[in-house]
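My notes follow the structure.

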Number of protein chains: 4
Amino acid sequence: MKLIKPLIRKANYYETDQMGIIHHSNYIRWFEEARVDFMEQVGFGYDKSVLKGIDFALTGLSCEYKSMVRFGETVQIKASITALTNARMYVTYEVRDYKTGELHTTGETRHCFWDSERKRPVSLKKALPELYNLFKNTMV
Amino acid sequence: MKLIKPLIRKANYYETDQMGIIHHSNYIRWFEEARVDFMEQVGFGYDKSVLKGIDFALTGLSCEYKSMVRFGETVQIKASITALTNARMYVTYEVRDYKTGELHTTGETRHCFWDSERKRPVSLKKALPELYNLFKNTMV
Amino acid sequence: MKLIKPLIRKANYYETDQMGIIHHSNYIRWFEEARVDFMEQVGFGYDKSVLKGIDFALTGLSCEYKSMVRFGETVQIKASITALTNARMYVTYEVRDYKTGELHTTGETRHCFWDSERKRPVSLKKALPELYNLFKNTMV
Amino acid sequence: MKLIKPLIRKANYYETDQMGIIHHSNYIRWFEEARVDFMEQVGFGYDKSVLKGIDFALTGLSCEYKSMVRFGETVQIKASITALTNARMYVTYEVRDYKTGELHTTGETRHCFWDSERKRPVSLKKALPELYNLFKNTMV
């Protein structure tokens, strides 16, 4: 089993809003950063899968806000695949303070696999079995 | 009952991503635009409620992506309060093509009311009964 | 001569930063909105020029900040072509308060015309004389 | 003399636009990231200067685009103070490819020092001589 490390990053000034906290829309972008990093750690970058003709269409997402992040704080963002079928994938996220481990945000993104040439859903297991197995290998 | 009109806006070039579509994180921002516009139509702007010491803390959100929006397309974003208690509010959203009415995205944001002075949850009904009633009046 | 009207838009909550003002990077995006609107008013949308094989590569920009814009304020953004040669175009911008006319920001973007097929600079006058003349017609 | 290291960071997917390149507005945000990192390397973080009552009001900026950055590429962003008077500071930036050193973007931001309490310009040399000297010490 492949262990995936959380992405470490700082909260940027331009990500704050007038409440003095990171604007809620930015966590959705942080999830994407963690997802991209996840694929690199798996050894099959997002670019590579696109080159092979597979996109990860986003079909839905959710996010729960527990406590706020402020400018200059360092967070760790953990992405985990929680469900993987031939056609679909669920990824969950936890954003925590890097130092204290305090939980800031949890979230989920839902994806289906998409043939970027023929513009239709595709079975990842058939189209890219190597990536399918690499993904499976990160799941408990 | 007060009828709330959808917000009309164009998809901006800087909101696209390399797939040639509006990046999914921007819909979360569009929801906020529609929420702010909703409050103005109600006759009690977001600024005013903050001045009165009440914030709308975001506790969670979700978004479902049905079909893509592209640069230059005009969308209508309908916000509706679907639940309102003393302490909490749920708002749902529909993003549709302005011309065809095609449904692009649905979503929900969940809020609790927050005393911006004393930094604790507050009953909107007690703290700002006028706004509570204006909100109630938009619900079917 | 074609008179171009300023773009009217509101400053969004998600565009603020923790200083309680619109973050400086957003004005660059507002310039783009005004530029896109300019082309629509001219009668030759940005999409159409891309379809005809011409891109407006951005080669440089500048921005001067005079006074701040806050959430909820309405601004007018005036775009004007100040220089147009076969190969290059300069556009200047003024962001003003919609009500008072107070000047918030001035800026400039510099573009060259680009053949999107052959990936090389191109003469707009030769490649799209219609658009070249429409642009010329907005200049004093 | 204190040597400041460039900031290393990856270009994010959500920073791309439909041309398949990083949208030009994001470089302005990258400059800010490099500026914040610069201050941390100097040993006097942006937060600390705000706590001491000094803001760095942005009065202007410029950016020149030489070649494009694409999703997944790693860049190095070098910030340098090129002018420092009692009341003003100029910072220049170079964005280069991390591997090849290819120059992508150059830029400049112009700042004045601002008393965040009394809302008026202030002499950094008088108000925060320690920071003034730390800044001076990075200049050739």
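I searched the whole structure, which is a predicted model, and found four cavities of 30 Å³ or more.

**Largest cavity.** I noted a volume of about 240 Å³ for the largest cavity. I counted 25 residues in its lining. Nearest the centre of this cavity I found A:R29, B:R29, C:R29, D:N26 and D:R29. I then asked which elements give two or more residues to the lining of the largest cavity. They are helix 1 (25–42) of chain A, helix 1 (25–42) of chain B, helix 1 (25–42) of chain C and helix 1 (25–42) of chain D. Helix 1 of chain B gives the most, with three residues. By class, I sorted the lining of the largest cavity into 13 polar, eight charged and four nonpolar residues.

**Second largest cavity.** I put this one at about 70 Å³. Its lining consists of B:Y14, B:E15, B:N26, B:R29, C:Y14, C:E15, C:N26, C:R29 and D:R29. Helix 1 of chain B and helix 1 of chain C each supply at least two of the lining residues. I sorted the lining of the second largest cavity into five charged, two polar and two nonpolar residues.

**Chains B and D.** I looked up what superposes chain B on chain D: a rotation of 180° with 0.0 Å of shift along its axis, at an RMSD of 0.0 Å. That is the relation of a two-fold axis. I also checked the interface residues of chain B: 100% of them are interface residues in chain D too, so the copies meet through the same surface.

Note on methods. Residues numbered from 1 in each chain as written. Chains lettered and ligands numbered in written order. Predicted model: local features only at pLDDT ≥ 70, side-chain atom pairs only at ≥ 80, totals over all residues. Heavy atoms only, no water. Least-squares fit on C-alpha atoms with pLDDT ≥ 70 in both. Contact = heavy atoms within 4.5 Å. 1 Å grid on protein atoms, 1.4 Å probe; cavity = no way out; pocket = protein on both sides within 12 Å on 5 of 7 lines; lining within 4 Å. Points joined across faces, edges and corners; volume = space filled by probe spheres on them. Helix = DSSP H or I, 4+ residues; strand = E, 2+ residues; numbered from the N terminus. Nonpolar A, V, L, I, M, F, W, Y, C, P; charged D, E, K, R; others polar.
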